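Hello,

I am handing over the structure below. My notes on it follow; please read them next to the model.

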Amino acid sequence: MLPLQQGVSIDPQQYIPPVVSALTTVALFIVAFALIYWIGKSFMSRTVERGLEHRGFDRTLIDLAVSTTVVVVTVVAVALAATVAGFGVVLGAFATLAAALSLAVGFAAQDLIENFVAGVFIIQDEPFTTGDWIEWDGNSGVVREVQLRVTKLDTFDNQLVTVPNSDLADAALINNEANDTRRISVGFGIGYDDDIEQARRAIIDEGKLTEGVLADPAPTAPVTELGDSAVVLQGRVWIDTNQSSYGAVRARFVEAVKQRFDTEGLDMPYPNTELTGDITVTDSSTIETSAGD
């Protein structure tokens, strides 16, 4: 058994230089970070904001760019302050860890990043805005709100639809409100024995009388199809999309033409099929017995 050592003295002076050195390094890091961050944030934020405003960018994108700039300035300030303070080893480890995390996050958030980038382009390019009626991939709705990740729309049944921005950015999109005027086209079928000119006058007259229809361009009704059961005239009228509803005007137009056709005795035939040929009965007694039962 070893004897206990007694009388071992501890000199506090030996710990003072390391403590002073550590405190000096930390203080240097804090001062360098605060100075670099303050100068970088003040200069870069104003520069980015003024530059984007001068180019007419949307306010949402300007705020996003300024926030991103602040984050970048913060990272740069930490890196430079660590270098000044002598944290080279720590900075290298931090850079390696950040690279690994960025790679992992990038793979895990591919869809999120894709929608985010698409949202930026939608906000900047404005293929549609709030209140527009749009159609894409067999869907339609009225835009309620455009966010950076998704776009919210209301259907005509008053249902809320949330669509990822990448779906809208990649689709062939129809904006029914993009232009000031829009044409409404409705096909009206008449019988082959009916008078085409009479039907055309009826369609044009009712188009002129329909509320919301513009006088210029004037309504027209050309023959567009010779169907199996009917001659199709396409009634064409124009509306001001800022003042009239497409659905409401179309409904009024269709109803007025139908009533006019009924009044003038114009036939609107439904599709029918004529079968020709012979029928041969091979066992008439079986048919008679079944009928008797």
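The lining of the largest pocket is made up of five nonpolar, six polar and two charged residues. Here Ala, Val, Leu, Ile, Met, Phe, Trp, Tyr, Cys and Pro count as nonpolar, Asp, Glu, Lys and Arg as charged, and the others, Gly among them, as polar. The volume of this pocket is about 150 Å³. Of its 13 lining residues, Trp133, Phe156, Glu177, Ser245 and Tyr246 are the closest to the centre. A pocket is an open set of points on a 1 Å grid over the protein atoms alone, where a 1.4 Å probe fits, with protein on both sides within 12 Å along at least five of seven lines; lining residues have an atom within 4 Å of a point. The volume is the space filled by probe spheres set on the points, which are joined across faces, edges and corners.

This is a predicted model, in which local features need pLDDT of at least 70 and side-chain atom pairs pLDDT 80 or more, while totals for chains, interfaces and linings use all residues. Residues are numbered from 1 along each chain as its sequence is written, and side-chain values use heavy atoms, without hydrogens and water.

Ser166 lies in helix α5 (residues 165-170); helices are DSSP runs of H or I, at least four residues, numbered from the N terminus. Ser166 counts as buried because its relative accessibility is 8% (buried means under 20% relative accessible area, with a 1.4 Å probe and protein chains only). Leaving aside neighbours within four places in sequence, Ser166 is in contact (heavy atoms within 4.5 Å) with Glu114, Asn115 and Ala118.

Regards

Technical notes. Helix = DSSP H or I, 4+ residues; strand = E, 2+ residues; numbered from the N terminus. Buried < 20%, exposed > 50% of the residue type's maximum accessible area, 1.4 Å probe, protein only.
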